[in-house]
Amino acid sequence: MRILLIEDDQMIGAAVSVALKDAAYAVDWVKDGMTACSVLELGEHQAVLLDLGLPKRDGLEVLRLLRQRGNTAPVIVITARDGVGDRIKGLDYGADDYLVKPFDVNELLARLRAVIRRQGGQAEPTLTNGKVMLDPASHEAQSGNAVVMLSSREFSLLHALLLRPGAILTRSELEERIYGWNEEVESNAVDFLIHAVRKKLGAAVIKNVRGAGWMVEKSI
Amino acid sequence: MKRSLKRHLSLVLGSAILISGLVATVASFGLAYFEAKELQDDMLRQIAILSLGNSTDSATSTSLQRDLNNDGISDPESRIMIFHLPGDTAHAWLQRDLSPGLRTMDTGTERMRVFVRGGQLEGRTIVVQPTEVRDEIAINSALRTLIPLLLLLPILAWLILRIVRSELAPITQLSSSLDEQPADRPQPIADDGLPDEITPFVHAINRLLDRVNLLMGQQRRFIADAAHELRSPLTALSVQAENLMHAGSLDAMRERVIPLQNGIERARQLTEQLLNLARTQAGMNENSEVNISAMARELIAEYLPLAEARHIDLGLDEIVPLSIRAAPDALRLILKNALDNAMKYTQEGGEVTIRLLSDESGAIIEIVDNGPGIPVSESERVFDSFYQMPGSAGEGSGLGLAIAKEAAIRLGGVLSLHERQGNSGLVLRYRQAHDS
């Protein structure tokens, strides 16, 4: 799961990046509205954390532009502007949630999980295809009676697949969802992760479609 | 010493009217009393003259007396008696040798007013009336003249109270409308319908309220801004502390302590700047003669390590040696914040100069840099609390120049930002007039 963090404050940006990486997200961080707009055009991110008081282009402007272009990625606005009017404006401009500084990082992560979950069209807190169940809050996966703890990367991989059961994801699509810009990706990193997940949950959990990519089966 | 205008006015006016009323009462009573007595004396005289025609006939004299008593000329209570001497038998107390004229005589049982007409030879007419009756009549008629006056007194007193109260009502209303003002946002008082003597008062109060409102607005904005600005360092701190919790190893934890420490330092700096501003606004120490040249050298020495680390050429341009009367702490705060600002916006390899000069109006201290400068439109806003230049890296509190400006105002000087002539860069100028 790849997140775009748009925050001009050096310290907050750095700290939130670390917190998101700890929670197994791939994070890209930009510090001004202009860069944010051009990065969002690439559509590489599954969720956006947006500060409003940005240099060069205001956060609300970025949000408006994003929605105009038809980008539906969930957006959580993180800002020090706590007036009711500001919140209403933020939500009306197309934000999915609104968090006022200073916030608890655990709350941010929970809200992030919630907007991503709803984006996948489901309301239950856990993701499942009938065979395997994944809890995004605890990073625990369950297959049959076996409950296992996944590492950050393993979680990211399984999460990406479980968000769209039945859809085939290519290697590069998976890499894109697991790693941020500055992270070195080994050529067989995805194979390693799939191997690790299969080892923990059984080989049948992830299906390999030759020449196409990987998928988890859709529940019947 | 408090005094109520209303009570005072009522008291003074009331006693003035009461005293003059009393004097008038006594005077009119006396006048009416003596007038009534004189009238009765005249009446005795007239009766004597009227009865003279029948003086020879003693029988008619008694009938006259009867007439007098019965014909309604006088009421029976007036008890007027007429004697013709010789002839009538007079009371023993009426001596025979009474000389003509008016007198008061004592009968032993009561006092009588007696009028004697005519000498001893031709026969006399004597008209007698008891003084008791006369006095009663005189007093009664004198009292009657007092009735309107006595009735008027309470009406006057009531009128005075009413008038004083209604004349002073605008003042009472004014004070109650002031009492009803909300303390946090007092509104100006309307001056319509107020007496001319009070309007200057009201205007002065309104001017004061304006100033209070302005100041409170500034304070309110400042507190809101301060609370707002505290959010960023607090957010950073809370996330950094949480990250520490999730560090997998001791090394990772050490790595994550560093940003936390930086976050704490940033929060500390902001708090200190806020305190500086509060102290500056609260007032400052006594003025003394400050040697600016020496202060500038101290500051340059203080900033030299930072300047060298960033390869900035920091120097002094002392066109004239300067010395002004000011509060040293405040002046130092201005120069320090100005230097901070110049150092922050000057690139590596740049130049920052403190320039001391003076003209006919006063002393001038300039902090000159060759940084990128700022748009003219922003040159006033940079002095606003928490203002940050658009596109600036988001470091610092945005309070430095606001504090410097506040301190400058307190010192009676002017702090202004100018574009540098000829080169790119800024001139931050502090000007203080002589003897201010």
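Begin by selecting Ser10(B) in this predicted model; leaving aside residues up to four places away in sequence, Ser10(B) touches Ile160(B), Leu161(B) and Val164(B). Ser10(B) is found in helix α1 of chain B, which covers residues 5–52. Is Ser10(B) buried or exposed? Its relative accessibility is 16%, and because buried means under 20%, Ser10(B) counts as buried.

Next, colour chain B by secondary structure, which comes to 8 helices and 11 strands. Of its 436 residues, 37% are buried, and among its contacts between residues at least 6 apart in sequence, 65% join residues at least 24 apart.

Stay in chain B and select Leu331(B), Ile334(B) and Ile367(B), which have the most contacts inside the largest nonpolar core, a set of 42 residues. The elements that give two or more residues to this core include the helices α6 (292–309), α7 (328–345) and α8 (400–411) of chain B, together with the strands β7 (323–326), β8 (351–358), β9 (362–369), β10 (414–419) and β11 (426–433) of that chain. Which element gives the largest share of this core? It is α7(B), with 8 residues. Now centre the view on Ile367(B) and display its surroundings: with residues up to four places away in sequence not counted, Ile367(B) touches Leu335(B), Ala338(B), Leu339(B) and Ala342(B), and also Val352(B), Thr353(B), Ile354(B), Leu426(B), Val427(B) and Leu428(B).

Go to Pro102(A), in the loop between β5 (97–100) and α5 (105–119) of chain A, where the peptide bond from Lys101(A) to Pro102(A) is cis, with omega near -5°. Then select Ala24(A), in the loop between α1 (10–22) and β2 (26–30) of chain A; its phi is near 75°, a positive value in a residue other than glycine, and Ala24(A) is buried, with a relative accessible area of 4%. Finally, move to His139(A), in the loop between β7 (132–135) and β8 (140–143) of chain A, where phi is near 65°, again positive in a residue other than glycine, and where the residue, at 11% relative accessibility, counts as buried.

The last stop is the interface, where 18 residues of chain B are in contact with 19 residues of chain A. The two chains bury about 1600 Å² between them, 57% of it on carbon and sulfur atoms. Select Arg231(B), Thr235(B) and Val239(B), which supply 33% of the area that chain B buries against chain A, more than any other three residues. The count between the chains is 2 salt bridges; Asp9(A) forms a salt bridge with Arg266(B), their closest N and O atoms being 2.2 Å apart. On the side of chain B that touches chain A, α4 (199–245) and α5 (250–282) of chain B each supply at least two residues, and α4(B) gives the most, with 11 residues. The residues of that side divide into 4 nonpolar, 10 polar and 4 charged.

Methods:
Residues are numbered from 1 along each chain as its sequence is written. Chains are lettered from A and ligands numbered from 1 in the order in which they are written. This is a predicted model: local features need pLDDT of at least 70, side-chain atom pairs count only at pLDDT 80 or more; totals for chains, interfaces and linings use all residues. Side-chain values use heavy atoms; hydrogens and water are left out. Contact means heavy atoms within 4.5 Å. Buried area is the accessible area (1.4 Å probe) that two parts lose on being put together, summed over both. A salt bridge is a side-chain nitrogen of Lys or Arg within 4 Å of a carboxyl oxygen of Asp or Glu. Helices (H or I, at least four residues) and strands (E, at least two) are DSSP runs, numbered from the N terminus. Ala, Val, Leu, Ile, Met, Phe, Trp, Tyr, Cys and Pro count as nonpolar, Asp, Glu, Lys and Arg as charged, and the others, Gly among them, as polar. A nonpolar core is a set of buried Ala, Val, Leu, Ile, Met, Phe, Trp, Tyr and Cys residues joined through side-chain atoms within 4.5 Å. Buried means under 20% relative accessible area, exposed over 50%, partly exposed in between (1.4 Å probe, protein chains only).
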